[in-house]
Amino acid sequence: MSGDWISGRLEDVCHVYQPETISQKSLQDGPYPVYGANGQIGSHAKFNHEEPELLLGCRGSCGFVHFSQPCAWINGNSMVVRPLVGKIDVNYLAYALRGGIDISAAITGAAQPQITRSSLMPIAIRYPRSLSEQHRIVALLDEAFASIATAKANAEKSLRNAREVMDCYMQSVFSLESDVVELGAVLKTVTGSTPPKSETHYYGEFMPFVKPPELCDGELASAGDGLTELGATVARILPPQSVLVSCIGNLGKVGLNIVPVAFNQQINAILPETSKAVPKFMFFQALSRPFKEQLENLASGTTVPIVNKSKFNGIRVTVPSIQKQELIVERLEVLRNEIVRLESIYTRKLATLDELKQSLLQRAFTGQL
């Protein structure tokens, strides 16, 4: 590191203070934005800061860095960080807080994490003595981070487009314009049950016991809980290739089991009957908007939506010829595989871009840019 750099502490380059905290109830709708720990949280009739401020989340979302707009109300869940004039550039300081320095040591409290002024001020920071050099580094980071944001947006757009293509295709093939019947008239359905929890010998590892959280709109072969062989005798068991649909609470989560499973009473299942319907065809249909919209419209209950077996059987489905079903499934599998491929690329790209951001920040704050 060149001698033009200074090693110091945050208290050497900025003032920090925490505005007075007011309750959420005391905030009223108004023309001025309100900022909390992780950004804008509402609006208010008054403002307590006329100039834009650099903010650091200090309760809950500790470490989140953002800027307020002019004439804003800043609540006490954020610290106001003001750089010393002529000492450090505000945007350079913002990049420092976003990863150029390590502020993890300033976070205290396990149950309710927080950052205090006394814990933040001793944190070490390195910065060029020259403001023009700070501005140069900020400009390089701005350009690099803008390119990273564009790369992320392009990857996300490709994934979103693939999902939209599949959604549109599913909307068209499951539009209920032909070969429409009530679900219960063509296929058998069953509602799950839960063996008594007090009978601990019913629970073990012999068979997965599926609950709505395990339904992730894909195939399933395991669950968080399981039953013993004895427990399975008092439960309701599904053969492989059954379509499971959550029908209490969070409606419309779907799964297709590839092994025998037991399942609880929050789930209705469509049993496989290959002479009438291809299981994966019914699985994809349960994922479609026409099916989910009917499920929501049939729900009863004021606080917890419920679709019982009788109403579930009344859902209208399209059941074309087996040959047509197989063709539709083949096309949907191609689309789904493409989405899985793009999701994998997207996930890897996000990880790579995040690593690149951290690498750039480390280089910037060690004089290597």
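Student: Is Phe-209 buried or exposed?

Tutor: Burial is read from relative accessible area: under 20% is buried, over 50% is exposed, and what lies in between is partly exposed (1.4 Å probe, protein chains only). Phe-209 has 1% relative accessibility and therefore counts as buried. Please note that this is a predicted model, in which local features need pLDDT of at least 70, side-chain atom pairs count only at pLDDT 80 or more, and totals for chains, interfaces and linings use all residues. Residues are numbered from 1 along each chain as its sequence is written, and side-chain values use heavy atoms, with hydrogens and water left out.

Student: How many aromatic pairs does a search of the whole structure find?

Tutor: A pair of aromatic rings is described by the distance of the centres and the angle of the planes. Rings of Phe, Tyr and Trp (its six-membered ring) pair if their centres lie within 6.5 Å; planes under 30 degrees apart count as stacked, over 60 as edge-to-face and the rest as tilted. The search finds seven aromatic pairs. One of them is edge-to-face: Tyr-95 and Phe-145, at 5.3 Å centre to centre with 80° between the planes. Tyr-95 belongs to helix H2 (residues 90-100) and Phe-145 to helix H4 (residues 131-173), so the pair ties together parts that are 50 residues apart in sequence. Helices (H or I, at least four residues) and strands (E, at least two) are DSSP runs, numbered from the N terminus. Both Tyr-95 and Phe-145 are buried.

Student: Why is the pair of Tyr-203 and Phe-209 edge-to-face?

Tutor: The ring centres of Tyr-203 and Phe-209 are 6.2 Å apart and their planes stand at 80°, so the pair is edge-to-face. Tyr-203, at 21% relative accessibility, counts as partly exposed.

Student: What is the order of the open sheet of four strands?

Tutor: Two strands pair if DSSP finds at least two bridges between them. Here the order is E2-E8-E5-E6, with antiparallel pairing. Strand E2 (14-17) and strand E6 (65-67) stand at the edges with a single partner strand each, so one side of each is left without a neighbour in the sheet. Three bridges join strand E5 (residues 54-57) to E6, and Leu-54 stands opposite Phe-67 in E6. Helix H2 packs on this sheet, touching E2, E5, E6 and strand E8 (78-83), and its direction makes about 150° with that of E6. Contact means heavy atoms within 4.5 Å; axes are lines fitted to C-alpha atoms, for helices over the stretch in contact, and angles run from 0 to 180 degrees between N-to-C directions.

Student: How many residues of helix H7 are buried?

Tutor: Nine of the nine residues of H7 (residues 279-287) are buried, so the helix is largely enclosed by the rest of the structure. Among them are Lys-280, Phe-281 and Gln-285.
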